[in-house]
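Subject: Structure handover

Dear colleague,

Please find below the structure that I am handing over to you. My notes on it follow directly after.

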Amino acid sequence: MSADRRRRKRKMTKIPILCVVGPTASGKTALSVALAERFSAEILSFDSMQLYKGMDIATAKPTPEEMHGIPHHMIDCVPAGETYSVARYKSDADRIIGEIHARGRQVVMVGGTGLYLDTVLKNITFLEDDGHEEIRRELKAELEREGPEAMYRKLLAADPEYAAKTAPANTKRVLRALEVYRATGYTMSYQIAQSRKQPELYAPTILGLNTRDRNVLYGRINRRVDRMLQQGLLTEAREWQQNGGGETAAQAIGIKEMLPYLNGEATLESCTEKLKQATRHYAKRQLTWFRRNPAVHWLYLDDYSSEGELTADAVRTAELAGFPDGRAKERVDS
């Protein structure tokens, strides 16, 4: 068998996955559901906050009405106080993709946590999470004593490559990288580089949602925040505060921004504006991450006059990229 034929055969054995990426409030949920209906697929979320139970409004989880009866995976499935890592997500996602594929259905991945998606698509494997409890406790104690900036400087000294890709305020990722380094002697950058030598398991088609005019996206973000408040965001934040909050809530945009108002330290208007600003900054970080991938087929919301027009173009783009129609297999099986 020639080398070309072997490469084609390996490519054919990869599981096809249709991915929908983009910043928050860009309409990923609606498009992913429409694509799942069109291609006879189930949806796998790669949102690092939506997988936790609770915080439904703050994390903009899709409602049952929005899901249209399409099975959704990795949403509202992890207890709020539980530690959940990207390594665990990789393991869970691989298992779920295999189960969906075994049912003869396609997979649509949707979300905004680029690290989770890249870990799955690039088949990045991680060192064991277990056995480092003492190191974790030490790092958390250091964080309490010295603060986030000091911990980030330690990461910068140990692993400048990984630090350059990590926000100083993202203490969860900073501490995890330091934990790996202290426990194994290997940096996270080295580990990722080694793991990428493994063959990739999936054949992704990636659709990205964006806007040509940034003000269009910002308008969508502002309207989403207003809807969240109307839907009961303050009640949700108050419940989390009364229940002790925890690290999960501290990471979720939408909860922490409302706490000064609930504590009588700021006005609702100022907290709402801070939430909109934080969400805009988060959207910028998401776009920066996804734009690094040249394989993304970008669809610009302000190019379309309706959601139906956007969906039709997304379907055409996926088909031209070679994403298979799961309905054809369903007809053969029936």
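What is the strand order of the open sheet of six strands, and which pairing does it have? The order is 3-2-4-1-5-6, and the pairing is parallel. Please note that this is a predicted model, in which local features need pLDDT of at least 70 and side-chain atom pairs count only at pLDDT 80 or more, while totals for chains, interfaces and linings use all residues. Residues are numbered from 1 along each chain as its sequence is written, and side-chain values use heavy atoms, with hydrogens and water left out.

Helices (H or I, at least four residues) and strands (E, at least two) are DSSP runs numbered from the N terminus; two strands pair if DSSP finds at least two bridges between them. Strand 3 (72-73) and strand 6 (296-300) form the edges, each pairing on one side only.

Strand 1 runs parallel to strand 4, joined by four bridges, and Val20 stands opposite Val110 in strand 4. Seven bridges join strand 1 to strand 5, again in parallel, with Leu18 opposite Thr205. Seven of the seven residues of strand 1 are buried (under 20% relative accessible area, with exposed over 50% and partly exposed in between; 1.4 Å probe, protein chains only). Ile15, Ile17, Cys19 and Val21 point one way from the strand, and Pro16, Leu18 and Val20 the other way. In general, side chains in a regular strand alternate between the two faces of the sheet.

Helix 5 (residues 114-121) is also mostly covered, with eight of its eight residues buried. These residues pack against several elements, including strand 1, helix 4 (86-102) and strand 5 (202-210), where contact means heavy atoms within 4.5 Å. Asn123, which follows helix 5, has a positive phi, near 55°.

The axes of helix 4 and helix 5 come within 9 Å and cross at roughly 55°; axes are lines fitted to C-alpha atoms, for helices over the stretch in contact, and angles run from 0 to 180 degrees between N-to-C directions. The two helices are therefore oblique to each other (angles under 35 degrees count as roughly parallel, over 145 as roughly antiparallel, 65 to 115 as roughly perpendicular and the rest as oblique). On the helix 4 side, the contact is made by Val86, Tyr89, Lys90, Ala93, Asp94 and Ile97, and on the helix 5 side by Leu115, Tyr116, Thr119 and Val120.

Yours sincerely
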